[in-house]
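I'll jot down what I look up as I go.

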Amino acid sequence: MSSLALAVRDSSTMLRRNLLHARRYPSLTLNLLLTPIMLLLLFVYVFGDVMSAGMGGGADRSAYIAYLVPGLLLMTVGSTTIGTAVSVSNDMTEGIIARFRTMAIHRGSVLVGHVVGSVLQSVVSVVLVGGVGVAIGFRSVDATALEWLAAFGLLTMFALALTWIAVGMGMVSPNAEAASNNAMPLIFLPLISSAFVPVDAMPGWFRPVAEYQPFTPAIETLRGLLLGTEIGVNGWLALGWCLALTLLGYFWSKSVFDRDPK
């Protein structure tokens with residue numbers, strides 16, 4: 001077999017391994033999935049009228065649902081990847097990685113299995129959260145098929161970027177608890193982005209925090225694709241963040257994985 005065929009075969013094996021782990025131990029994935037769902041229900045049914053009034057322009061609860069769902073979809077991606085950091089940390093600390101190093105398998109297949117498995121879980125989680133959003137009133141009637149495809153591509157690229165960062169976090173963490181804590185920014189950053197309120201409604205001193213981070217341009221791009229709002233430069237910024245985070249996470253994870261074990 002060629003080296004490419006061996007890499008694909010070993011990566012597929014590692015992918016099946018990670019998906020089996022996720023199926024046998026679903027509690028972590030379910031807990032992480034519940035966070036964006038609970039926030040969606042909380043901000044719609046508890047704070048919905050107040051938040052929509054604060055947006056101005058005669059917005060009602062249905063308008064706030066439309067505003068909220070794109071941000072929660074990207075928050076779902078961030079929360080799902082925390083499970084990846086925990087899973088990678090478990091593999092690093094429980095000795096299975098050391099065993100894989102002694103076996104005749106493609107070295108990169110271990111990381112590829114984690115990354116592809118996490119991206120698939122993120123896509124499934126986004127579909128579930130999106131289904132909850134539709135059930136409570138979210139509609140995207142003006143989006144074309146091409147815009148839906150672009151939205152799906154953006155969510156997948158963002159999941160890939162955050163997954164590589166989560167893999168690096170998991171590899172440098174001494175245990176699963178530390179990995180979970182290290183990955184918390186992936187779920188905290190959406191809370192201080194434009195996911196819940198427009199950046200223009202934030203205090204002036206806080207706006208740079210919301211503007212100059214990866215989630216805000218991705219959220220505004222997703223809103224533009226699904227709701228027809230103006231995207232502007234946010235599309236290019238979102239693509240740039242995805243590319244930068246993917247490369248950073250990949251080379252970080254690869255450098256840590258290639259180190260000789262102590």
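Which helix does leucine 120 lie in? I looked it up, and leucine 120 lies in helix α6. Helices here are DSSP runs of H or I with at least four residues, strands are E runs of at least two, and both are numbered from the N terminus.

Before going on, a note on what I'm looking at: this is a predicted model, where local features need pLDDT of at least 70, side-chain atom pairs count only at pLDDT 80 or more, and totals for chains, interfaces and linings use all residues. Residues are numbered from 1 along each chain as its sequence is written, and side-chain values use heavy atoms, with hydrogens and water left out.

**Surface patch.** Leucine 120 counts as partly exposed because its relative accessibility is 41%; buried means under 20%, exposed over 50%, and partly exposed in between, with a 1.4 Å probe and protein chains only. I found leucine 120 in a nonpolar surface patch of about 270 Å², together with Leu19, Val112 and Val116. Helix α6 gives the most to this patch, with 3 residues. Patch members have over 30% relative accessible area and no salt bridge; nonpolar side chains (Val, Leu, Ile, Met, Phe, Trp, Tyr) are joined within 5 Å, like charges within 9 Å.

**Salt bridges.** I get 2 of them in the structure, counting a side-chain nitrogen of Lys or Arg within 4 Å of a carboxyl oxygen of Asp or Glu. One joins arginine 17 to aspartate 91, at 2.9 Å from N to O.

About one helical turn separates them, because they sit 3 residues apart in helix α11 (residues 215-227). Arginine 223 and glutamate 220 are both buried as well.

**Helix α12.** Buried residues of α12 include Cys242, Leu245 and Phe257. The buried residues of α12 pack against α5 (96-101), α6 (109-135), α7 (145-172) and α11, with contact meaning heavy atoms within 4.5 Å.

Notes: Areas by Shrake-Rupley, 256 points an atom, 1.4 Å probe, with all protein chains shown as cover.
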